[in-house]
Amino acid sequence: MLKKVPFIAVEGPIGVGKSSLAREIANYYQFTLLNEIVEENPFLGNFYKDIDEWSFQTEMFFLCNRYKQLEDIEKYQLAKNAPVVADYHIFKNQIFAERTLQRKQYEKYKQIYYILTANMPEPNLIIYLKASLTTLLERISLRGRDIEKNIDPAYLLQLTKDYDQFMEKFIVDHPNVPVLTFEGDYLDFVKNKADLDTIISKIDEHIYANTVNN
């Protein structure tokens, strides 16, 4: 039996496979799938060309849209005990904003972030995908998004380090939220069913309670 209504978030840097894994999990468990809005962001293409000029517009668009998505998920899914798996956690906004925004912009952004996310539903299981820069660049190239053609490898490498640091702190600050970490360099859950089964078995341990037959 379920421990509680699962709300799973899959996280990790750009190109690591968050959307693919979230989709596989949703299909396996028949959970509602929540995909983040990416290509719909009208500022993102310019952001990758000139981060300093377009970072605030880009981050504010993502924040407002993710807030609205979470609000809808809370109202129409979680409130009705319908499990959800998302291909992001809204905490990622802090990682990107802190890296890209100027200090004054970031201070303003943080105020808005904490106002919007106060009392928002939080996942009760985080899946953290990691991968090397080589793997990330290969996967970004394979999916062929035009807006990602100008991603600076140095920016992507720094982002992976930012994620690792953030997740280390998150685990300490949120001891009641399990974090399952998987190495994307060694697991191909799209092409290799055994790799997907490995991940699913770990998820089972956290979302299903142990039962004892009397």
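Q: In this predicted model, is tyrosine 155 buried or exposed?
A: Tyrosine 155 has a relative accessible area of 9%. Buried means under 20%, so tyrosine 155 is buried.

Q: How is a pair of aromatic rings described?
A: Two values are used: the distance of the centres and the angle of the planes. The structure holds twelve aromatic pairs. In one of them, phenylalanine 43 and tryptophan 54 are stacked, at 6.1 Å centre to centre with 25 degrees between the planes.

Q: Which parts of the chain does the pair of phenylalanine 43 and tryptophan 54 tie together?
A: Phenylalanine 43 is in the loop between strand 2 (32-34) and helix 2 (44-49), while tryptophan 54 is in helix 3 (residues 51-76), so the pair joins parts eleven residues apart in sequence. Phenylalanine 43 is partly exposed, at 26% relative accessible area. Tryptophan 54 is also partly exposed, with a relative accessibility of 26%.

Q: What kind of pair do phenylalanine 47 and tyrosine 155 form?
A: Their ring centres are 6.1 Å apart and their planes stand at 75 degrees, so the pair is edge-to-face. Phenylalanine 47 belongs to helix 2 and tyrosine 155 to helix 7 (residues 153-173), so this pair ties together parts 108 residues apart in sequence. Phenylalanine 47 is buried, at 2% relative accessibility.

Q: Which residues do ring pairs link into a cluster?
A: The cluster consists of Tyr28, Tyr29, Phe31 and Tyr208, linked by ring pairs.

Conventions. Residues are numbered from 1 along each chain as its sequence is written. This is a predicted model: local features need pLDDT of at least 70, side-chain atom pairs count only at pLDDT 80 or more; totals for chains, interfaces and linings use all residues. Side-chain values use heavy atoms; hydrogens and water are left out. Rings of Phe, Tyr and Trp (its six-membered ring) pair if their centres lie within 6.5 Å; planes under 30 degrees apart count as stacked, over 60 as edge-to-face and the rest as tilted. Helices (H or I, at least four residues) and strands (E, at least two) are DSSP runs, numbered from the N terminus. Buried means under 20% relative accessible area, exposed over 50%, partly exposed in between (1.4 Å probe, protein chains only).
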